[in-house]
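Subject: Structure handover: salt bridges

Hello,

Here is the structure I promised to pass on. Please open it alongside this note.

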Amino acid sequence: KRLGSNRKKHQKVSSHKASNEEEETLPSKSSARNIRKEVTNRPKKAESSIMQQPSSRKITRRWSNIDINTILSTTARAKTVVHDTEVVAAIKDNESRPAHQHDMARLQRHAKGHEDHPDAEAQGGLSSYEDDLRNRLKEAVFVGHINTDLDSVAGAIGASVLFGGTAALAEPYDKLNGEITFALDNCGIEPPKYFDALDHSEECDVCLVDHTEEKQMVPSLRNSYSRTNRIVGVIDHHALAKSFSSTRPIYMDLRPWGSMCTIV
């Protein structure tokens, strides 16, 4: 009986100790949930990382197996056809035109003249190329914009005297405002002719004054098919219009000043 009772007591004590140890080692309910989340999330993270990286490894392995000599020999045997871009094609087309050849001949003669007379360039203060561009304005017609103001009229007159060209009005004289007519009368200056009244208005070279917007040009010039080739210069104190274009190099003097006349 004593042995039996002692065994029962020993079993009770050992079972009590075991239960205490299990309570200490087993996690709580909240920690058990976190462990489950980590266990369930681990495979997904591993899969996502695996899906993102193997492509680059496969590519490097694939290219590493290819012999570089094979690539070079293949490209050497292939017949490569190189087509001109639009810009190169346009340049080649322009070089074959008589107008371009004439311009280049003028530049070469002008440059040779400076070689024969080196003091001429020092006296002029301009390079041969800039000097030749300015010389183009000698035969140009200087014209302002429609809705004419005094700056465009006075600027056209001043520029024509400065460069030796011809001044013209963008509108007939009877449509000019009183400020313009008063200034011309007060200064004793004869008003320029209307652009369309000029004898060679349909084919003359033009230097735009106080504007570059297409909608501000003289209607006959704006609707001219060869307009982009006829404009040889621009003198203006406004921003260059986005619609403005030219088929050849032109003389341009754009300054952020108060008026076009100030530039002249």
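Below is what turned up in a search for salt bridges.

First, the ground rules. This is a predicted model: local features need pLDDT of at least 70, side-chain atom pairs count only at pLDDT 80 or more, and totals for chains, interfaces and linings use all residues. Residues are numbered from 1 along each chain as its sequence is written, and side-chain values use heavy atoms, with hydrogens and water left out.

The whole structure holds four salt bridges (a side-chain nitrogen of Lys or Arg within 4 Å of a carboxyl oxygen of Asp or Glu). Three of these are described here, with notes on burial. Buried means under 20% relative accessible area, exposed over 50%, and partly exposed in between (1.4 Å probe, protein chains only).

Asp93 pairs with Arg97, N to O at 3.0 Å. Asp93 is partly exposed at 39%. Arg97 is partly exposed too, at 45%.

Glu214 bridges to Arg227, with the closest N and O atoms 3.5 Å apart. Glu214 sits in the loop between β4 (206-209) and α11 (219-222), and Arg227 in helix α12 (227-230), so the pair ties together parts 13 residues apart in sequence. Helices (H or I, at least four residues) and strands (E, at least two) are DSSP runs, numbered from the N terminus. Glu214 is partly exposed, at 29%. Arg227 is buried, at 13%.

Asp253 meets Arg255 at 2.7 Å, N to O. Arg255 is partly exposed, at 31%.

Best wishes
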